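Subject: Structure for your review

Dear colleague,

Please find below the sequence and structure that I am handing over to you. A summary of the findings follows.

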Amino acid sequence: MITYPYQRTFGISKRRLKMADMSIETSNSLNFYNYLCQKIGSEKVVKIRRLAFLIYDIGQSDTFISSGSKAEGLNLNGSDIDVMIVDCDYKVYESVTDVYIEGQGIPFVMNTDDTQPCFTQLYLNTHIQNLTPEVFESVLNTLQQRQLGYVLSSEQYKLFKLSSFEAECVKNYLSSLTVIAYTVKKCTAENIYLGLLNNSKFDSIKQHVMKLVKKEKLHTILKSLTIYSFQLDHNSSIVPQELQQDVKKPSTIFHPLPYSHFLSFLCHYHRHDIKSCLQSLQQLGHVEMVISNNHMFVSRPDSINSVIMCGIAHQFLGDLHTARRAFKDAAGIDIYNETSAASRLFSLIRYYQALCLHD
């Protein structure tokens with residue numbers, strides 16, 4: 001076979017083009033890898049995060065398993081912490097011969113016939129009449145009757161567990177509201193906020209109280225007439241999800257009274273009680289206004305956070321204009337950028353722009 005020069009040249013050029021394309025693809029892959037490392041951390045950092053969650057799970061009970069992006073080491077902004085709970089009331093076996101009758105848990109047997117790959121059906125391995133009344137009542141809400149017997153329904157299981165969870169949440173919210181109401185009741189116009197003592201102007205009530213101070217024992221006064229700011233640590237488990245962005249390292253200061261009203265607002269909001277939400281928001285706005293009008297710590301994070309909480313509440317209720325104004329006011333006061341005011345304002349402005357473009 002005779003090979004002409006132009007054929008050899010064409011073959012070489014083709015190989016060079018292919019190598020150039022591979023080089024560009026490799027370069028793009030490396031650039032994208034470096035970009036991901038900057039955003040979510042290097043491979044070593046991701047492994048350390050995974051190990052940290054694994055160690056945490058080991059320290060918990062056997063029914064708790066971390067999952068989701070955070071457990072995989074991907075610490076993405078705004079991502080939730082996902083967990084899986086092992087239901088010890090149920091016991092799953094691969095076959096009927098593996099079933100241990102005397103074991104704990106309601107026995108179910110896997111059946112992969114007529115199922116999609118990686119899926120299985122779980123059939124109850126005992127006659128439903130053999131279950132105790134308590135177990136029967138709980139398990140009946142999660143079963144569907146099929147030709148081969150009773151099968152566990154994932155949809156009914158989720159609905160049953162969710163209803164139980166919601167009932168528990170409502171109970172917890174009501175308990176929280178009771179505690180909050182008791183706490184707020186203890187805060188009156190006579191109380192002196194010690195964090196504001198050197199930078200605020202006393203109103204007439206507090207001036208009268210200060211005159212009475214001379215006639216009382218010091219420990220009695222400190223116990224009954226003073227309130228203090230408090231700090232939330234960055235990694236504290238009691239930080240509300242709605243304030244995760246606001247609690248920065250190592251800790252963040254909050255004024256107790258507006259914070260209590262904000263917690264009350266969140267409880268009502270999650271209970272879908274809009275009327276009570278508006279009442280809590282009105283109380284929160286009133287307290288924030290009193291603090292601002294008395295020139296109390298306008299440059300301190302605890303006062304700025306009170307304005308931010310008003311903005312968050314208005315944003316939750318769909319009043320974006322008022323929320324934007326609150327974030328703007330807070331950002332204007334926050335000259336050292338100690339709070340989330342600027343970032344929340346920026347996010348809301350971008351949301352406004354997206355709405356305008358959509359329209």
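In the largest nonpolar core, which has 27 residues, those touching the most other members are L243, F254, F262, F265, I308, M309 and F327. Such a core is a set of buried Ala, Val, Leu, Ile, Met, Phe, Trp, Tyr and Cys residues joined through side-chain atoms within 4.5 Å; buried means under 20% relative accessible area, exposed over 50%, and partly exposed in between (1.4 Å probe, protein chains only). Two or more residues come from each of α8, α9 (274–293), α10 (301–316), α11 (320–333) and α12 (341–358), and α10 gives the most, with seven. Helices are DSSP runs (H or I, at least four residues), numbered from the N terminus.

This is a predicted model, in which local features need pLDDT of at least 70 and side-chain atom pairs count only at pLDDT 80 or more, while totals for chains, interfaces and linings use all residues. Residues are numbered from 1 along each chain as its sequence is written, and side-chain values use heavy atoms, with hydrogens and water left out.

Helix α8 is mostly covered, with 12 of its 15 residues buried; among them are Y259, F262 and F265. Just after α8, H272 takes a positive phi of about 60°.

Elsewhere, I58 belongs to helix α2 (residues 43–59). I58 counts as exposed because its relative accessibility is 63%.

Yours sincerely
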